[in-house]
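Thanks for asking me to look this one over.

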Amino acid sequence: MKPLARATGGSVSTLLIMITSAAAGDTPMSYLESAGARAAPVTPLIWGLIYLSAAVVIVITLLVIVGSLKRRTTDAWLPGQRSDVERGGSGVLRWVYSGLIATTITLAAFVAWTMSTLAAIRSPDQAEQFTVHVVGHQWWWEVRYIGSSPSQSFTTANEIRIPSGRPIRLRLSSADVIHSFWVPALSGKTDLIPGRTNETWLEANRTGDFRGQCAEFCGQQHALMALRVVSLPGDEFAKWWAQQLKPAPGDTGASETVRNGRELFVAKCGICHTVRGTLAGGKIGPDLSHLMSRETLAANTIPNTRAGLSAWISAPQQIKPKNKMPNVELSSEELHAIRTFLYTLQ
Amino acid sequence: MTAARYTEFPNVGEKSRALEEKLKKIWVSKPGFYGFIASVDHKEIGIRYIVTAFAFLIVGGVEALIMRMQLAGPNQNIVSPEAYAQLFSMHGITMIFLYALPVLSGFSNYLFPLVLGTRDMAFPRLNAFSYWVYLAAGIFMYVSFLLGSAPNDGWFNYVPYADRTFNPGPNIDFYALGMILLGISTTAGAANFVVTFFRMRAPGMSINRIPILVWGTVTVSAGNLLAVPAVSLAFFLLWMDRQFGTHFYDAASGGKPLLWQHLFWLFAHPWVYIIVLPAMGMVSDGLPIFCRRPLVGYTLVVLGTITTMVLGFGVWVHHMFATGLPYMAMSFFSGASFIITVPSAVAVFAWIATIWDGRPIITTAFLYFASFIAMFVIGGVSGVMTAAVPADLQFHDTYFVVAHIHYVLIGINLFGVLGALYVWFPKMSGRLLDEYLGKVSFWVVFFGFNLAFLPMHWTGLRGMPRRIYTYPDGVGWTGLNQTTTAGAFLLAFGLALVLTNVLRSIRKGEPAGDNPWDGPTLEWATSSPPPPYNFAVIPVVASRHPLWEERLCEGTGRTSIDRGPQLDSGREALATTAIDAHPDLILKMPADDPWPFFVTIALAIGFIGLLLQAWWLAALSVIATLAGTIVWLWPRRDLAQIAEKQHV
Amino acid sequence: MSETASAPANVFGNQVLRIGPMRIGSRYRGSSGWWGMVTLIATEAFLFIYLLFTYAYFAIENGRAWLPAELPSFKLAGPNTLILLASSGVVWWAERQMRQDKRRRTLMALIAALILAGIFFTVQLMEWKSKPYQLASTSYASVYFTITGFHLAHVLLGFVILALLAVWTAKGLFDDVRMAPLSIGIAYWHFVDAVWLVVFFVVYITPRFG
């Protein structure tokens with residue numbers, strides 16, 4: 001039984017060591033640290049549950065090990081041998097009753113804690129600044145900023161910028177199958193369900209870049225359906241919003257390549273993609289009006305660098321097999337022109 | 001036979017060689033292929049269930065190992081995204097539906113009549129039927145794999161991804177029809193356990209003397225009767241949506257995707273208890289053998305089992321906390337999910353008290369049962385953690401939940417089953433499993449399992465979502481995944497050692513004798529392996545532990561093993577009253593019968609017809625199934641179903 | 001057959017259990033099959049509960065607008081309900097007659113029940129035909145036809161069972177002791193009728209409440 005003791009004890013302590021060292025910075029999806037008001041009250045509850053669980057597991061495991069070792073018979077067991085059977089001490093049932101009482105009291109405490117946390121994350125302390133409508137698609141996120149009027153509204157994708165310290169309202173729906181919106185540092189999950197609009201809210205209590213990912217299986221590229229929430233200081237956020245409202249720069253002063261690229265883009269990409277200020281008005285893929293203000297491509301899958309952009313335009317099916325963007329035949333000149341045009345979309 | 005043989009005066013007497021010879025002639029299955037398909041012997045059927053379930057366990061395990069290789073590093077491309085989706089779907093379907101319950105049904109089928117002191121299940125032919133249909137459903141679903149179109153939307157199969165719009169291939173049809181077929185098997189088996197429980201106990205085995213494993217199985221069988229229709233209906237409606245364009249689930253035409261989740265979890269949450277309570281029952285009966293004292297708190301454990309099942313029907317919504325429910329509903333179902341812990345805690349403390357108040361003998365079976373308690377608690381507390389709604393909104397659909405269900409399914413099902421294997425294999429085969437290899441393999445299984453799944457909780461806390469075929473570098477998941485992969489292979493190696501032990505011991509194991517563990521219940525009162533008729537004379541029971549009662553000074557008088565009703569004029573068994581187990585009737589039991597097999601074939605052909613949309617084939621199958629069932633049920637004189645009076 | 005004859009006491013171990021002449025096999029409700037029917041009815045009842053749950057879920061989530069403009073009418077369904085109820089009464093009588101070993105009466109009653117079941121079946125098909133919508137028209141139509149369709153399938157199965165019982169009765173397989181299949185099959189028919197009452201209440205009556 002010694003090895004059992006060591007193994008179980010060892011595993012439990014390993015777990016504890018692992019958990020307590022989870023504060024490392026390179027775990028962007030960890031929910032043991034929070035950075036927002038909708039996640040903050042939950043983190044201590046999770047820690048409380050972890051400590052409780054570890055304690056229960058250790059106590060029970062020790063009871064099993066110690067009981068087995070202390071009480072075991074030393075006689076060798078022989079098949080078919082008749083050995084003693086004891087009726088058992090009276091009052092052993094106390095074990096069960098005490099255990100039941102302890103369990104019930106602990107559970108009651110945790111039910112109370114759960115309910116108060118649930119109430120705390122129900123709505124933000126102050127009124128929401130504005131609404132962002134997120135629409136799930138296989139396998140990217142459409143992000144519609146709802147301004148005070150349609151002219152103050154715009155659409156982007158896969159990156160949500162929010163003003164730090166201010167709650168915003170999230171409206172969630174789906175264009176195809178069920179997805180789930182999840183940015184661990186800021187909030188637990190809320191599903192995006194066809195035929196239904198769910199509402200929740202988001203608030204980051206500091207500036208920073210928070211990773212999120214679709215949490216409900218939604219098809220072949222469910223794995224590569226991530227998103228970012230970027231929390232900015234208020235003034236920077238206002239500037240960003242103003243920039244997003246602008247249409248694409250016009251032809252005046254644009255180079256030959258850019259003008260070519262725009263034409264090619266409208267012809268080859270415009271059926272699916274929108275770039276405001278051009279004839280490209282497709283609704284199937286992400287709105288690319290300010291593509292270059294985004295740091296990643298393909299739902300937070302590859303960096304939006306020159307190499308990344310080229311690779312994605314020329315062979316999206318290699319990077320994210322079966323995604324809805326087809327491999328389009330492009331000569332290297334055409335690719336260059338389109339890329340140069342896209343570079344103007346700041 | 002003279003007229004009006006409506007009553008019989010049963011012979012009461014001693015066991016004798018002549019009686020045994022006579023009974024053997026009456027009860028033994030015919031040899032050869034006919035005997036194979038026609039046998040209704042519960043022991044034969046039980047073993048078939050166990051072997052088939054373990055075969056599926058191996059297949060499902062191989063699927064898991066392929067997935068573990070894919071996840072051993074970031075951005076790997078060992079399998080395609082679609083192949084990965086099919087792998088994790090079939091892994092779940094296999095382990096949850098084709099292994100976890102059938103293996104328990106196998107043990108229960110084998111053990112029910114033996115521990116209850118009777119000669120067969122209440123419906124021996126239905127028993128054979130439920131096995132054949134299970135096998136047919138398993139093969140039906142696995143054919144999809146060979147065609148490259150296995151189910152690919154997970155075992156939970158959420159719509160609308162499972163609708164034809166997003167999933168046009170036959171993948172989901174295989175799953176939907178296969179589950180409806182499997183549901184027929186599960187329901188038939190459940191009905192059989194319930195009726196056997198109420199009717200087929202040895203005289204004197206009143207309701208407070210029934211072994212816990214019987215309680216566990218009968219409780220979940222009652223649960224199955226009520227829960228299975230939900231999933232069969234859910235899949236039927238899905239199949240209608242896919243085939244006939246009905247609008248149950250598609251939001252575009254007034255359907256409700258969440259209806260699927262309600263119907264599915266109405267079934268699938270109770271199912272979680274259904275696949276662990278019988279295993280808990282086997283531990284409750286097995287552990288005390290090695291602690292050399294009866295289980296502490298028999299009544300409380302029985303009540304806890306029933307309460308768990310009942311509450312299990314009231315917590316399905318806790319799988320849907322992220323779907324945007326009203327806060328009131330979330331609070332209610334969260335509270336209910338906490339409460340369900342209480343009856344489970346009863347069993348844990350009862351087991352611990354049994355160890356502390358007993359004199360444990362450390363055998364392989366004991367190791368499995370004792371570690372089962374710890375695994376049970378780990379799977380239990382992580383379950384409690386997910387009951388806390390705000391926390392669950394983080395845990396939900398991450399590897400934390402994957403770790404949780406594996407502690408439930410492996411820790412609470414497989415560990416219990418392996419312990420039970422060490423206890424009852426000698427009864428089934430007449431030979432002991434090797435204890436040395438047993439202990440070695442236990443430690444490999446134990447380390448492998450915990451190495452794979454304990455760190456996985458942390459993978460979940462670090463936010464790795466479920467059902468992703470790959471993950472990027474630099475999110476802190478790589479090392480943990482490598483550990484899990486290593487653990488998974490170690491676990492597989494450990495299980496291979498267990499299998500080796502079984503295969504070796506079948507031929508070379510030490511003879512077990514009737515009662516190798518000096519166990520207390522009736523199955524140990526007959527030979528190993530038991531004769532086809534189980535007991536030459538029906539035992540008359542006087543206590544909860546018939547073979548220990550003298551030493552425990554328990555019961556009303558003494559149990560009679562060697563003298564009792566002989567019931568030797570044909571295949572006969574005794575029916576007793578539901579509560580007190582007073583002798584009630586003499587039952588005429590059916591002998592070998594090929595019709596359950598034929599009806600299964602007819603039924604399976606119908607499902608193939610539905611799959612291929614060959615309606616004529618389906619119609620033909622309905623007629624054949626009905627005709628076969630009518631032949632099967634046709635009243636027979638040898639079963640005392642026909643009037644014997646001469647009518648004027 | 002007299003069970004009052006003094007049975008010798010049998011001693012097992014040192015406890016006494018009286019075993020006298022015992023009844024054999026399948027008798028009325030003492031048979032295992034009757035218990036089996038109870039489990040079948042339990043599971044089938046839950047099937048209908050889940051079907052009606054589906055109906056209620058749609059009705060609650062969508063509100064009144066979900067119901068068709070023309071609510072299900074009693075014109076055909078009302079009398080049809082009475083016909084089904086009558087058939088239940090008839091088979092109940094059939095079972096009673098067999099308990100008195102009146103096989104001919106039982107047979108007549110079973111045939112009468114078969115006719116009533118046939119009428120119900122036909123009228124239900126007529127009602128389906130009269131609907132302005134089909135199975136795939138709306139989610140209401142899908143639910144309506146599926147629930148009534150499930151019930152009708154049970155009527156069909158019940159019909160086969162009653163027919164089989166009639167054949168067995170005609171062949172003289174049953175008497176006042178050996179009649180378990182009759183009791184079992186008739187229990188199923190009562191169940192089919194009871195389910196219809198609930199379906200009728202939910203689908204035909206509740207829409208008129210509000």
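1. Between domain 2 of chain A and domain 3 of chain A there are 13 residue pairs in polar contact, both residues at pLDDT 80 or more. A polar contact here is a pair of N or O atoms within 3.5 Å; within protein, one must be able to donate a hydrogen and the other to accept it, and residues adjacent in sequence count only if both atoms are side-chain atoms. On the domain 2 side of chain A, strand E3 (154–157), strand E4 (159–163), strand E9 (208–213), strand E10 (226–232) and helix H4 (234–245) each supply at least two residues that touch domain 3 of chain A. E3(A) gives the largest share of that side, with four residues. By type, this side of domain 2 of chain A divides into nine nonpolar, seven polar and five charged residues. For these classes, Ala, Val, Leu, Ile, Met, Phe, Trp, Tyr, Cys and Pro count as nonpolar, Asp, Glu, Lys and Arg as charged, and the others, Gly among them, as polar.

2. A word on the model itself: it is predicted, so local features need pLDDT of at least 70 and side-chain atom pairs count only at pLDDT 80 or more, while totals for chains, interfaces and linings use all residues. Residues are numbered from 1 along each chain as its sequence is written, chains are lettered from A and ligands numbered from 1 in the order in which they are written, and side-chain values use heavy atoms, with hydrogens and water left out.

3. Where do the domains of chain A lie? The assignment, which is automatic or from a database, gives domain 1 (2–66 + 95–120), domain 2 (131–243) and domain 3 (256–342). Contact, meaning heavy atoms within 4.5 Å, takes in 21 residues from domain 2 of chain A and 20 residues from domain 3 of chain A. These two domains of chain A bury about 1700 Å² between them, 48% of it on carbon and sulfur atoms. Buried area is the accessible area (1.4 Å probe) that two parts lose on being put together, summed over both.

4. One salt bridge crosses the interface of domain 2 of chain A and domain 3 of chain A. The term needs a side-chain nitrogen of Lys or Arg within 4 Å of a carboxyl oxygen of Asp or Glu. A:Arg228 pairs with A:Glu295 in a salt bridge, with the closest N and O atoms 3.0 Å apart.

5. Now to the two chains: 103 residues of chain B are in contact with 101 residues of chain A. Together chain B and chain A bury about 8900 Å², 71% of it on carbon and sulfur atoms. B:Tyr327, B:Trp356 and B:Gln394 supply 10% of the area that chain B buries against chain A, more than any other three residues.

6. The interface of chain B and chain A has 27 residue pairs in polar contact, both residues at pLDDT 80 or more. Several helices of chain B each supply at least two residues of the side that touches chain A, including helix H4 (81–116), helix H12 (341–356) and helix H16 (435–461). H12(B) has the largest share of that side, 11 residues. The residues on this side of chain B divide into 69 nonpolar, 20 polar and 14 charged.

7. Which residues form the salt bridge between the chains? B:Arg467 and A:Glu216 do, their closest N and O atoms being 4.0 Å apart. B:Arg467 lies in the loop between H16 and H17 of chain B and A:Glu216 in the loop between E9 and E10 of chain A, so the pair joins two chains.

8. Some backbone details deserve a look. A cis peptide bond joins A:Gln138 and A:Trp139, with omega about -5°. A:Trp139 lies in the loop between strand E1 (131–137) and strand E2 (140–146) of chain A. Another cis peptide bond joins B:Ser528 and B:Pro529, with omega about -15°. A:Asn158, in the loop between E3 and E4 of chain A, has phi near 65°, a positive value in a residue other than glycine.

9. Finally, overall form. Chain A has eight helices and 12 strands, and chain B has 20 helices and five strands; helices (H or I, at least four residues) and strands (E, at least two) are DSSP runs, numbered from the N terminus.
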